[in-house]
Amino acid sequence: AAVPARRGSSGKMAVPMSGGSRGPEPGAAPYGNFPNYSRFHPPEGRVSLLPRGLLRSLFPAATRPLLGLDVGCNSGELSVALYQHLLGLQDSNSSPEPPGAGKELKLLCCDIDPELIRRAQQSSPFPASISFASLDIMDSGAREPFLSSYLQRFGRSSFDIGFCMSVTMWIHLNHGDRGLLEFLALLASLCTFLLVEPQPWKCYRAAARRLRRLGRDDFEHFRSLRINGDMAESITRILTQQCAMELVCSFGSTSWDRSLLLFKSTGARPEGSDRSGLAH
């Protein structure tokens, strides 16, 4: 998944955004895979809304590494900022990975754009704890074996926490209402907790305008979307009514009007026990 409002969405096969003799066209990122996304939506705008000690408050009895899944990670700046914030490592940007940090959280980050993933891998300050992989999360044939093999390395069948930061719109525009429902159900089945930053409807209109300005075809599903309007409310309703999750907390909104919503699986057993969301 890639992103135009932060990271991206997963879509079909990625359309390379960096190819061509003239280089990328500004705004030509149908899956949100903007090459310099973090410059206009900096990570600090999100992590500053999250309380310190959040992981410990969610998992007070954790005795093994927590597993995180970040879908639509773009080139990784927000993934790294989330990791640092959750582990209280904000000041260690340039220092080596602190001893023991990886024992607390292992973060798997995926994006549909392989070039953005290459950049993330090259620049990551925490390669032992944060893994970056090119993956179309909506391609079940690729997704299920990949996620299963990662989880099995830890003897697990689900993630403790998932991150879906400004990704839902790109899934929705590229896969329609049915795709959005499938995507949210997938995340709910894979993660005990889920932090979602939905794009508001005005961003959908802006993304469609960008394509039109470039003379591109409109998003295939844009004009037929029945899930529209207040997207934070719609996504909350879908997750709570159809995906067996409950809204735990809203951490407020970023300066660019994105809500940060934390959900928890209502079927979750205590931390340490697994719920399978994958075919084995």
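A residue counts as buried when its relative accessible area is under 20%, as exposed when that area is over 50%, and as partly exposed in between. Keep those cut-offs in mind for Arg 205, which sits in helix α8. Its relative accessibility is 40%, so Arg 205 counts as partly exposed. Along the chain, Arg 205 and Phe 222 are 17 residues apart, yet 8.7 Å separates their C-alpha atoms.

Before going further, a quick word about what you're looking at: this is a predicted model. The chain has nine helices and seven strands. Of its 280 residues, 55% are buried. Now take the contacts between residues at least 6 apart in sequence: 76% of them join residues at least 24 apart.

**Helix α7 and its two partners**

Let's look at helix α7, which covers residues 168-190 and packs against helix α9, residues 231-242. Helix α7 also crosses helix α8, residues 201-213. Here are the two pairs side by side:

| Helix pair | Angle between axes | Distance between axes |
|---|---|---|
| α7 and α9 | about 35° | 9 Å |
| α7 and α8 | roughly 60° | within 11 Å |

What do we call the way α7 and α8 lie relative to each other? As for handedness, the crossing of α7 and α8 is right-handed. On the α7 side, the contact uses Thr 168, Met 169, Trp 170, His 172 and Leu 173, while α8 brings in Cys 203, Tyr 204, Ala 207 and Arg 210. Sorted by class, that makes six nonpolar residues, two polar and one charged.

Now for the other partner. The crossing of α7 and α9 is right-handed. From α7 come Thr 168, His 172, Leu 180, Leu 181, Leu 184 and Ala 188, and they meet Met 231, Ile 235, Ile 238, Leu 239 and Gln 242 of α9. This contact between α7 and α9 has eight nonpolar residues, three polar ones and no charged ones.

There's a handy bit of background for reading lists like these. An α-helix has 3.6 residues a turn, so residues three or four places apart point the same way.

**A well-covered helix**

Helix α4, residues 77-86, is mostly covered, with nine of its ten residues buried. Those buried residues are Leu 78, Ser 79, Val 80, Ala 81, Leu 82, Tyr 83, Gln 84, His 85 and Leu 86. What do they pack against? Just past the end of α4, Gly 88 has a positive phi of about 70°.

**Cysteines without a bridge**

How many disulfides does a search of the whole structure find? The count is zero. Take Cys 164: its nearest cysteine sulfur belongs to Cys 191, and that is 9.5 Å away. Why don't Cys 191 and Cys 164 form a bond? A disulfide needs two cysteine sulfur atoms within 2.5 Å, so at 9.5 Å the sulfur of Cys 191 is too far from that of Cys 164. Both cysteines are tucked away from the surface: Cys 164 is buried, with a relative accessible area of 0%, and Cys 191 is buried with a relative accessible area of 0% too.

Terms used:
Residues numbered from 1 in each chain as written. Predicted model: local features only at pLDDT ≥ 70, side-chain atom pairs only at ≥ 80, totals over all residues. Heavy atoms only, no water. Axes fitted to C-alpha atoms, helices over the stretch in contact; angles between N-to-C directions. Helix = DSSP H or I, 4+ residues; strand = E, 2+ residues; numbered from the N terminus. Left-handed = near helix turned anticlockwise from the far one by under 90°. Contact = heavy atoms within 4.5 Å. Nonpolar A, V, L, I, M, F, W, Y, C, P; charged D, E, K, R; others polar. Buried < 20%, exposed > 50% of the residue type's maximum accessible area, 1.4 Å probe, protein only.
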